[in-house]
2 protein chains.
Amino acid sequence: MDLAEQGAGRGGAVRGRPRSESVERSIIEGVIGLLEDGVPLAEISIERVARTAGVGKATIYRRWSNREELFCDVMRAAEQVDLKLPGTSTRDDLIALLESIRRRGLANRTSSLAHNVLAQMKSSPKLWKAYDANVIEPRRRLTHEVLRRGQQNGEIRSDLDVELIGDLFAGPMLVRTVMRPDAELPDGLAEEIVDTVLEGLRPGKG
Amino acid sequence: MDLAEQGAGRGGAVRGRPRSESVERSIIEGVIGLLEDGVPLAEISIERVARTAGVGKATIYRRWSNREELFCDVMRAAEQVDLKLPGTSTRDDLIALLESIRRRGLANRTSSLAHNVLAQMKSSPKLWKAYDANVIEPRRRLTHEVLRRGQQNGEIRSDLDVELIGDLFAGPMLVRTVMRPDAELPDGLAEEIVDTVLEGLRPGKG
């Protein structure tokens with residue numbers, strides 16, 4: 001699956017017709033309704049989604065090329081994470097990126113729907129691969145773009161690989177959100193991580 | 001399970017008798033043999049371990065209070081990770097700690113036994129809790145001790161919580177070993193992470 005397809009899958013190709021967006025929303029809401037009723041992901045076929053939303057299967061396949069892509073958008077809706085980069089500085093963009101990880105972690109703790117769907121996606125290699133390709137990888141690529149821009153601007157050291165730098169910023173937040181479900185995720189954590197990693201841990205810094 | 005029990009479980013209470021250590025080793029090797037033969041963890045009871053090692057069940061229970069503790073030692077043996085802190089500086093100790101995470105990650109990729117046992121432990125809440133208590137938590141506590149000492153020595157900024165600092169160092173390595181099985185884990189990665197987090201990412205540092 002390439003990026004163009006992902007864009008189309010998220011409605012990129014059919015946007016502009018308001019009716020189409022509302023159809024899309026009602027399909028996603030239909031899936032969320034099924035999940036809230038306790039129907040396992042594995043039992044939600046495109047056919048069942050079509051029946052629930054009162055549309056034809058072709059209407060669904062025009063928007064998502066397969067179940068996996070549809071569920072990624074369902075997951076996005078359940079997590080309600082909206083990522084917007086302020087673009088004011090590398091620091092501010094990095095904080096926004098880490099804040100989106102924190103919010104996703106909080107959603108996963110407070111919304112049993114988000115938690116449940118994510119757990120089910122994790123246990124299916126095919127669904128997890130789609131989630132990784134549609135949600136995780138694009139965020140990593142965006143982080144690397146932000147860092148490369150920061151290196152060009154002189155805001156970030158340019159002697160290090162952006163892959164490594166990306167992990168230095170995202171790693172601490174991911175460890176708390178994904179690996180330690182009981183770790184604290186206080187307001188301001190994104191800012192604290194970004195500023196500390198920028199300034200370093202030697203005394204007299206920061 | 002408290003720490004004293006864990007110590008006793010690892011043979012702390014019975015050490016000093018060489019014969020006892022060799023019994024312990026043969027029990028662990030017996031379990032590893034079963035796993036190498038493809039026997040699932042769930043089918044390995046204390047009774048079966050006793051039969052395999054040619055000892056009585058009481059001999060096993062003198063060393064490990066339950067299956068979970070025994071499997072944690074099996075996991076340690078499979079991972080072959082030996083953590084020794086050099087004690088020469090906070091930086092060197094942190095590198096040793098991160099290097100042990102890297103080696104565990106490498107073992108999990110190259111040893112199908114370690115990978116398989118870890119996957120089975122993850123899918124059992126009881127086993128995972130034991131692994132967390134016996135392997136992960138002690139390493140986190142040790143990291144916090146090293147950092148507290150570093151703050152007292154003036155090697156590390158003392159205005160930040162050691163929990164957060166610990167995640168800044170361990171997070172990037174854990175993300176690569178645990179969450180992204182295809183990420184690179186090159187020699188020298190532990191050193192690179194520790195030095196970069198110590199010096200910070202602003203230009204002109206490091």
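From the N terminus on, the elements of chain A run α-α-α-α-α-α-α-α-α-α. That amounts to 10 helices and zero strands, where helices (H or I, at least four residues) and strands (E, at least two) are DSSP runs numbered from the N terminus.

Before I continue, a word on conventions. This is a predicted model in which local features need pLDDT of at least 70 and side-chain atom pairs count only at pLDDT 80 or more, while totals for chains, interfaces and linings use all residues. Residues are numbered from 1 along each chain as its sequence is written, chains are lettered from A and ligands numbered from 1 in the order in which they are written, and side-chain values use heavy atoms, with hydrogens and water left out.

Of its 206 residues, 50% are buried, that is, under 20% relative accessible area with a 1.4 Å probe, protein chains only. Among contacts (heavy atoms within 4.5 Å) between residues at least 6 apart in sequence, 63% join residues at least 24 apart.

One segment carries a record. The unreviewed UniProt entry annotates residues 45–64 of chain A as "DNA-binding region"; such annotations may be inferred rather than shown by experiment. This stretch is 75% helix and 0% strand, with its end C-alpha atoms 13 Å apart.

Finally, the two copies. Chain B superposes on chain A through a rotation of 180 degrees with 0.0 Å of shift along the axis, at an RMSD of 0.0 Å, by least squares on the C-alpha atoms of residues with pLDDT of at least 70 in both. The copies are therefore related as by a two-fold rotation axis. In chain B, the C-alpha of Gly200(B) is the nearest to that axis, at 1.7 Å. Because 100% of the interface residues of chain B are also interface residues in chain A, the copies meet through the same surface.
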